[in-house]
Amino acid sequence: MAKAKTDLVIVESPAKARTIEKYLGSNYKVVASMGHLRDLPKSTLGVDIEGGFAPKYLPVKGREDVIDDLKKKSKAANTVYLATDPDREGEAISWHLKELLDLDDEKAKRVTFNEITKKVVTESIQHPREIDQDLVDAQQARRILDRIVGYKLSPLLWKKIKPGLSAGRVQSVATRIVVDRENEIRNFQSEEYWLLDALLGCGEAGEQFTARFYGTTEKKMDVPSEAEADRIIEAVSASPFRIYNVKRGQKQRSPSPPFITSTLQQEASRRLGMTPRRTMSIAQQLYEGVDITGRGTIGLITYMRTDSQRLSDEALQAAKSFIISHYGAEYYPGSPRTFKTKAGAQDAHEAIRPTDVTLTPDAVRKDLTQEQYRLYRLIWGRFTACQMANAVYDNVVVDAESAGYLFRANYSEQRFAGYTAVYEEAKDEESSEIRRPLPALQQGDAVELVKVTKEQQFTQPPTRYTEATLIRAMEEKGIGRPSTYAPTISTITSRGYVVKEGRYLRPTNLGEVVTQLMEDYFQDIVDLKFTAHMESDLDRIETGAIPWKDVLSSFYGQFDSELQDAETKLEGKHIKVPDELSDEVCDVCGRQMVVKSGRFGRFLACPGYPECTFTKPLVVEMPGKCPKCGGRILKRTSRKGYTFYACERGQECGFMSWEVPTKDFCPDCGKTLFKPAGKGAKKAFCINPECKSFVPEEKRGYKRKAKTDAEPKAEAPAETAAPAEAAPVKKPAAKKPAAKKTAATKKTAAKPKEET
């Protein structure tokens, strides 16, 4: 008797395949394509521009065995379900599979899973659909646009700047955003201002509180100079203080919306220190399925590439039941919270949420890796909190008046935790201001001036972007889409256009030179509005509003004209990338050293090469000064990879610390304040044992690690640089191999680089 044919389900990854096969049973065979199996060729453009932008797709090299296996299994199957990810790229992968495996419309069926749970998987299999050609065309348009820009522009950058460079429709704009911020910082004109704090006493018990200068009784004002500060101090010192006004009330804070791709990447960066790429990798694991004790394999979160804040009715009802049963009815706002998805969002999927809110982070912790647990806790907390009641705070604002000037103090205290019982959003910059409870005061009460202190301040330039704030800027400006944020940041850092210093992104000289060339000759490519408009056109292709080849034709006409004009104007020219100067001097010849990039990363090199071949590791200077000798504090890495902070003078000084130096100084002893390492709000403290504000180790906000031999020693700073940076020191004069490698690089560099 002939064996009955089974149905075949094709997904991208083995993990996803294992999870789904357990749900579907023996009548289905689930296999993984391992991603793309057909794509544009790597060695040529692969697009017939004159022939109406017809792409030339080829099987991916090295995947022949997978393709042959899928052909055999699809031929033997009754129905082939194409179950790749539920987005444009997933739709395109399904279309490529259908073409590659030569499947007819009757045999090939498309299914998508917004969440990988038994209920959703079985329901989706029962309701398949045809491949959405509009989604496929939108992805084809994006792919071909990126291919044209990358393969046409990259050779120009090689010839005019240096080999190995690349340009891209989104990566070039992202680099420009970072460069523009750096130019803002350079051009910033700092302005002086002064802070005045009045220490006031009241009552028989002598209670004291501090109020900050606000302005006059008529308006808020700044203090632009020391002379103005002294005039105000003189006036209020000669006039009594009284309580001008007391405002008491309640303030409510609402929870943040559930995560979308960009906000998940931002929050994971701020709170967990994860890069966007790492965040998406861990989220993919949670989506595809994890073995949970007593529950089997289950996808813990919904699909993580989304820009929609919509939540299903089923999820809202589940959240309501969970909140009332675990926290109490007062923690539920009375009706489900809904959040408006921003204009221009694709809204194809729900927001990112747990598939089962009853699977709390603690309940599944033993089944998850540390990274999976931390990210799941973040997603679960954000979703649960978004359906909880507001947090309520008692707020009091006190204005003290003297000589017509107002000094203001305020204090808030939480009355009802609400959603904060589950989750609070992290901030990009934590405030170090300490707020203390205020005495019981009434309007008209007399208060006594104890002292007025003044402090000179200067307006600060905008801060550099972090990965989190760059993603937010790209999202706000309409640059890229959920699936592109993480790879774009990875691309601009791996290409050497941007470097990460601590949390912050700084453009390199190379990044600035390339950006300037792009602005001079390819204004559309790096124009933020043009790029955002192109993203909107891709969205319109997805909805079937415009033909995809019309978008390509409209773009290419202007681009080709700019390319020819640039090649003419740059004929015979070569643009030199300025060396990035450091503050270090060469130990051999005394020249000011420059920053170079090599196979082991960035390092310091003498600009006198080849006469002087001295190199040394690149060190990172921290804010503040050494509390022992006043020298620079450098960030160091031990042999075992632990980060610590040490004086630049090494053994001569002997200072080192696990705590992170800050830009602030102790008001009592004037020495640099430190804070605990790690993410989240950290209160700075003084580590000077001779200062009255000294904070002992056991009171610094975290448990100290037990000391081991892996801990660094300040006596040997020369051995504590990161291995990737130290490696160039070992081979400073390998001239011939280096020349061979350069030649080899040039020989194999015939393949243009495109945006990833």
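**Overall composition, barrel and helix packing**

The protein chain contains 20 helices and 28 strands, where helices (H or I, at least four residues) and strands (E, at least two) are DSSP runs numbered from the N terminus. The model is predicted, with local features needing pLDDT of at least 70 and side-chain atom pairs counting only at pLDDT 80 or more, while totals for chains, interfaces and linings use all residues. Residues are numbered from 1 along each chain as its sequence is written, and side-chain values use heavy atoms, with hydrogens and water left out. Of the 756 residues of the protein chain, 50% count as buried, that is, under 20% relative accessible area with a 1.4 Å probe, protein chains only.

Six strands close into a barrel in the order β9-β10-β15-β14-β11-β16, with antiparallel pairing; two strands pair if DSSP finds at least two bridges between them.

Elsewhere, the axes of helix α3 (residues 88–100) and helix α5 (residues 133–160) come within 8 Å and cross at roughly 105°, the axes being lines fitted to C-alpha atoms over the stretch in contact and the angles running from 0 to 180 degrees between N-to-C directions. The contact (heavy atoms within 4.5 Å) is made by R88, E89, E91, A92 and W95 of α3 together with Q133, L135, V136, A138, Q139, Q140 and R142 of α5.
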